[in-house]
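Open the model in your viewer and keep the selection tool at hand. The tour goes from one selection to the next and says what is there.

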Amino acid sequence: MAVKVYVVYYSMYGHVAKLADEIKKGASSVEGVEVKVWQVPEILNEEVLGKMGAPPKTDVPVISPQELAEADGVLFGFPTRFGMMAAQMKAFFDSTGGLWREQSLAGKPAGVFFSTGTQGGGQETTPLTAVTQLTHHGMVFVPVGYTFGAKMFDMDKVQGGSPYGAGTFAGDGSRWPSEMELEHAFHQGKYFAGIAKKLKGSSA
């Protein structure tokens with residue numbers, strides 16, 4: 001039976017969605033892994049989103065808490081808001097009380113990826129504060145560490161990401177994920193899928 005990896009994200013302007021696409025490609029490259037991409041529900045109305053200059057949502061399906069429980073492993077992606085996950089993703093986690101009560105996600109691997117506006121805008125605090133959500137669900141946090149190798153030490157150009165997971169800098173919104181950041185995302189997807197596959201195999 002295939003290992004189900006879900007990539008669940010919120011993306012207002014498309015930067016996190018771009019990382020999610022690469023993460024899906026990486027996870028899908030692992031034999032025996034089935035990947036599905038989801039977005040969480042929007043909590044802002046169209047008028048507010050329009051004033052914020054947000055583009056229309058993509059046709060990626062919107063996930064429900066119950067559907068989350070079907071996954072063998074989950075990678076969550078979100079932009080930062082003052083060093084923490086965006087309210088849309090937090091609202092989704094707040095809606096998973098039923099799963100928490102039953103500990104339906106306990107023992108399942110989880111990882112995170114993210115986008116921030118500036119270099120000091122939360123490339124570490126955003127994923128670090130997200131770990132609390134995973135902990136209460138009993139999920140097994142799988143950081144990417146330094147498995148991406150020497151590229152994580154490249155100081156010649158600005159690049160997002162950290163040992164917690166893949167990341168990008170959006171700046172004022174005009175900067176899109178670089179080739180290096182996309183490679184990091186692909187690597188995270190592949191690495192995470194391999195871990196999820198091992199964990200499911202060992203519990204079979």
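Is Lys-25 buried, partly exposed or exposed? Select it: with a relative accessibility of 48%, Lys-25 counts as partly exposed, because the exposed class begins only over 50%. Keep in mind throughout that this is a predicted model.

**Salt bridges**

Side chains of opposite charge can pair when their charged atoms come close.

Next, select Lys-51 and Glu-47. Here too the side chains meet in a salt bridge, at 3.5 Å from N to O. The two residues are four apart in helix H2 (residues 46-51), so about one helical turn separates them. Lys-51 and Glu-47 are both exposed.

For another pair, pick Lys-157 and Asp-154. Their salt bridge has an N to O distance of 3.3 Å. Asp-154 counts as buried, because its relative accessibility is 18%. A search of the whole structure gives eight salt bridges, among them the one between Lys-157 and Asp-154.

**Two loop residues with positive phi**

Most residues other than glycine have a negative phi. Select Phe-82, which is not a glycine and yet has a positive phi of about 55 degrees. Phe-82 is in the loop that runs between strand E3 (73-81) and strand E4 (84-85). With a relative accessible area of 88%, Phe-82 is exposed.

Move on to Gln-103. Its phi is also positive, near 55 degrees, and Gln-103 is a residue other than glycine. The loop in this case lies between helix H5 (97-102) and strand E5 (109-116). How exposed is Gln-103? At 34% relative accessibility, Gln-103 counts as partly exposed.

**Aromatic rings**

A pair of aromatic rings is described by the distance of the centres and the angle of the planes. The structure has four aromatic pairs. Show the side chains of Tyr-6 and Trp-38: the ring centres are 5.5 Å apart and the planes are at 50 degrees, so the pair is tilted. This pair links distant parts of the chain, as Tyr-6 is in strand E1 (residues 3-9) and Trp-38 in strand E2 (residues 33-39), 32 residues apart. Tyr-6 is buried at a relative accessible area of 5%, and Trp-38 is buried as well, at 4%.

Then select Phe-76, Phe-92 and Phe-93 together. Ring pairs link these three residues into a cluster.

**The annotated region**

Finally, select residues 5-192. UniProt, in an unreviewed entry, places the feature "domain: Flavodoxin-like" there. Over this stretch the chain is 34% helix and 19% strand. Where are the ends of residues 5-192 relative to each other? Their C-alpha atoms are 9 Å apart.

How values were computed:
Residues numbered from 1 in each chain as written. Predicted model: local features only at pLDDT ≥ 70, side-chain atom pairs only at ≥ 80, totals over all residues. Heavy atoms only, no water. Salt bridge = Lys/Arg side-chain N within 4 Å of Asp/Glu carboxyl O. Buried < 20%, exposed > 50% of the residue type's maximum accessible area, 1.4 Å probe, protein only. Phe/Tyr/Trp six-rings, centres within 6.5 Å; stacked < 30°, edge-to-face > 60°. UniProt positions renumbered as here; feature names shortened; annotations may be inferred.
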